[in-house]
Amino acid sequence: MPSPSPRETLELMLGHLGFVFEVEEVEQGGRPALNIHTREAGRLIGRDGHTLEDLQYLLNRILLRHDESAPNVIIDVEGYRQKEKQDFLGRIRELAEQVRHTGRPLALAPMNSFDRRLVHQAFAEDPDIATQSEEGTARLKQITLVPRHSQAEA
Amino acid sequence: MKHFLDFVVRSLVDNPDDVQISEITHEGQTTYRVGLHPADIGLVIGKGGHTIGSIRSLVNSANKNGENLAVEVVENA
């Protein structure tokens, strides 16, 4: 079976769901991404982006069924993910300020691997704050923001 | 909606020719029953129900008249 392109597959899914849309091929952080333009963005994004996550998950499941080495495709709606990434990291940077100030570690709310990667990356070069991920195989895990000097003492 | 389910489910299973989707309406509640080859049930449900959860979420995201649309997965007899 020839592998359908990510874009064609996404267009078929959205078309069958009855959305009026246009798909634009873009890049986000060096990875292939498909940005959907639609007037029904809210409906497609869902509460806290849950519907968008579900769409991305399902599309990638389908692509992997056709080609085991298919790269993971990021789906965005009207640049929502891009904006959210900035807001999300903004909130976490505020919490990091507290850790800097108090010198006490702080555990963040459990998050998925995509979000954890964003947090680890955001603090990779930080002179004061390190990030530690919880152990285990749960899909949602907590990251703890730790002051680097106390880590060195431990 | 049936077309969406048909496309997604056939794309996920090993036996697409065995996929049967029926729409049942009972007392105002619409249910889509997805009949599958027994070996394909796990592929459509997914780890921890993640795949079927995503399918249900998308079916309801597109539904404009507010009622909840149910999607159930059954083995073909």
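Predicted model: local features only at pLDDT ≥ 70, side-chain atom pairs only at ≥ 80, totals over all residues.
Local features need pLDDT of at least 70, side-chain atom pairs count only at pLDDT 80 or more, and totals for chains, interfaces and linings use all residues. Residues are numbered from 1 along each chain as its sequence is written, chains are lettered from A in the order in which they are written, and side-chain values use heavy atoms, without hydrogens and water.

**Interface**
- Chain B gives 21 residues and chain A gives 19 residues to the contact (heavy atoms within 4.5 Å).
- About 1900 Å² is buried between chain B and chain A, 64% of it on carbon and sulfur atoms (accessible area lost on being put together, 1.4 Å probe, summed over both).
- In chain B, the most area is lost to chain A by B:F7, B:H50 and B:L58, together 29% of what that side buries.
- The interface has 1 salt bridge (side-chain nitrogen of Lys or Arg within 4 Å of a carboxyl oxygen of Asp or Glu).
- A salt bridge joins the side chains of A:R65 and B:D14, at 2.4 Å from N to O.

**A residue in chain B**
- B:T30 is in strand β2, residues 29–36 (a DSSP run of E, at least two residues, numbered from the N terminus).
- B:T30 counts as buried because its relative accessibility is 7% (under 20%, 1.4 Å probe, protein chains only).

How values were computed:
Helix = DSSP H or I, 4+ residues; strand = E, 2+ residues; numbered from the N terminus. Buried < 20%, exposed > 50% of the residue type's maximum accessible area, 1.4 Å probe, protein only. Buried area = accessible area lost by both parts, 1.4 Å probe.
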